[in-house]
Amino acid sequence: MDGHVEKDGKIITVGLAPAWDIACRGPDLDWGRHATIDEQTVRPAGKALNVSRALAWMGVENVAAGLWGRDDCDEMKAAVARLGGSIRVEVTAAEGRTRRNITVVDTLHGREMHLRDASTLASSDSLRRLRTDLARLVSPGDICVFAGAMPAGDPPASMLDLVETCLSRRARIAVDTHGPVLKGIVDAGLAWMIAPNVVELRDLMGAEIEDTPTRLAQAGRELLQQLNAVLISRGPKGALLVTETGVWTGVVRTQRSVFSTVGCGDYLLAGFLAGSGAAGDSQAGLVCGLKAATARAWGWTETRTWQEIDKEIAVVLEAV
């Protein structure tokens, strides 16, 4: 890895398999029933754009790049513009429409169902044009966040090519994906940091890692030969951060009813990037990440400002 990258650049999120997220919420939803829901929301999403949305909510301007369907690209841009202008859209239009994902939330029993459609936007042509767009867009010191599922059947080589394009522009690479692409990026030493959950970390390491601070820290330290930081999401147990200077585990003091788990990992990563800042304060980043993820889980990101929840949510950090 290049240890002399410049800092203080912009944050660019890159998604190859974006989606429209359709969320339906109502009480006592189950198979075979006809039920009236309380709420339905439709929004442009996918992990990369979710990170952009979270950053914007925290007051951090950023750039949303990657692929989006040509047929509904204007609709997406209009929806993003309504968020207040902190997200600059620089997506590469691919032929067709962006997939629809559906989440059904049963508010009475506290359960969710996630229905995911396959992405069809990636092709040799769209990936080639995306690489050209990234070469134009990325500048020294930028952070490029590659997040989300990879297109079905997409070989890791095409993703590595996009990452290497950004790296050649002296950007730092943050990765939040899984499977062969994540392993390929890590093994090649291309990433500055990764943000797996525990299941994704086990898959990456090829081992059954116990979900305890000690074992997760041990696994994370093994990855520091290729990375500078590993941010591990542990769901209700909080998160653990492994860096070259130390290992910390963090959890929110107060527990409340979970509104939805969708996007919590994206808000964790966004909060870490926003909180670390130009000074690279990893502990501050972990605190901010946990606050943002918790606010997302509680449904506060839709009703409260970052300044409000920053004061209200308390995080406990411990060195491992």
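Predicted model: local features only at pLDDT ≥ 70, side-chain atom pairs only at ≥ 80, totals over all residues.
Trainee: Why is Trp-20 called buried?

Mentor: Its relative accessible area is 2%. Buried means under 20%. Trp-20 therefore counts as buried.

Trainee: What makes Trp-20 and Trp-68 an edge-to-face pair?

Mentor: Two values decide it. The ring centres of Trp-20 and Trp-68 are 5.8 Å apart, and the planes stand at 80°. Pairing needs centres within 6.5 Å, and edge-to-face needs an angle over 60 degrees. Both conditions hold, so the pair is edge-to-face.

Trainee: Why does this pair tie together parts that are apart in sequence?

Mentor: Trp-20 lies in strand 2 (residues 19–26) and Trp-68 in strand 4 (residues 62–69), so the pair joins parts 48 residues apart. Trp-68 is buried, at 2% relative accessibility.

Trainee: How many aromatic pairs does the rule give?

Mentor: The count is 4. Ring pairs also link Trp-57, Tyr-267 and Trp-306 into a cluster.

Trainee: How do you know that Arg-304 lies over the face of Trp-300?

Mentor: Arg-304 is 3.8 Å from the ring centre. The distance limit is 6 Å, and the charge must also be within 35 degrees of the ring normal. The distance passes, and Arg-304 is assigned to the face of Trp-300. Arg-172 is placed over the face of Trp-192 too, at 4.9 Å from the ring centre.

Trainee: What makes the contact between Asp-106 and Arg-111 a salt bridge?

Mentor: The N to O distance is 2.9 Å. The cut-off is 4 Å, between a side-chain nitrogen of Lys or Arg and a carboxyl oxygen of Asp or Glu. The pair therefore qualifies.

Trainee: Are Asp-106 and Arg-111 buried or partly exposed?

Mentor: Asp-106 is buried, at 2%. Arg-111 has 36% and is partly exposed. Partly exposed is the range between the buried limit, under 20%, and the exposed limit, over 50%.

Trainee: Which parts of the chain does the salt bridge of Arg-131 and Asp-161 link?

Mentor: The bridge has an N to O distance of 3.2 Å. Arg-131 is in helix 3 (residues 124–137) and Asp-161 in helix 4 (residues 156–168), 30 residues apart. Arg-131 is partly exposed at 40%. Asp-161 is partly exposed at 28%.

Trainee: Why is Asp-211 called buried?

Mentor: Its relative accessible area is 18%. The limit is under 20%, so Asp-211 is buried. Asp-211 forms a salt bridge with Lys-237, with the closest N and O atoms 3.5 Å apart. Lys-237 is partly exposed, at 42%.

Trainee: How many salt bridges are counted, and which residues form a network?

Mentor: The count is 24. Arg-88, Glu-90, Asp-133 and Arg-136 are linked in a network of salt bridges.

Trainee: What makes the Asp-176 and Lys-47 side chains a polar contact?

Mentor: They are joined at 3.3 Å. The limit is 3.5 Å, with a donor and an acceptor required. Asp-176 is in strand 10 (residues 172–176). Asp-176 is buried, with 4% relative accessible area.

Trainee: Why can Ile-102 belong to a surface patch?

Mentor: Ile-102 is partly exposed, at 31%. Patch residues need over 30%, so Ile-102 passes that cut-off. Ile-102 is found in strand 7 (residues 100–106). The nonpolar patch is formed by Trp-31, Ile-102, Met-113 and Leu-115, with about 410 Å² of accessible area together.

Conventions: Residues numbered from 1 in each chain as written. Heavy atoms only, no water. Patch = residues over 30% accessible without salt bridge, like charges linked within 9 Å, V, L, I, M, F, W, Y side chains within 5 Å. Areas by Shrake-Rupley, 256 points an atom, 1.4 Å probe, with all protein chains shown as cover. Helix = DSSP H or I, 4+ residues; strand = E, 2+ residues; numbered from the N terminus. Buried < 20%, exposed > 50% of the residue type's maximum accessible area, 1.4 Å probe, protein only. Phe/Tyr/Trp six-rings, centres within 6.5 Å; stacked < 30°, edge-to-face > 60°.
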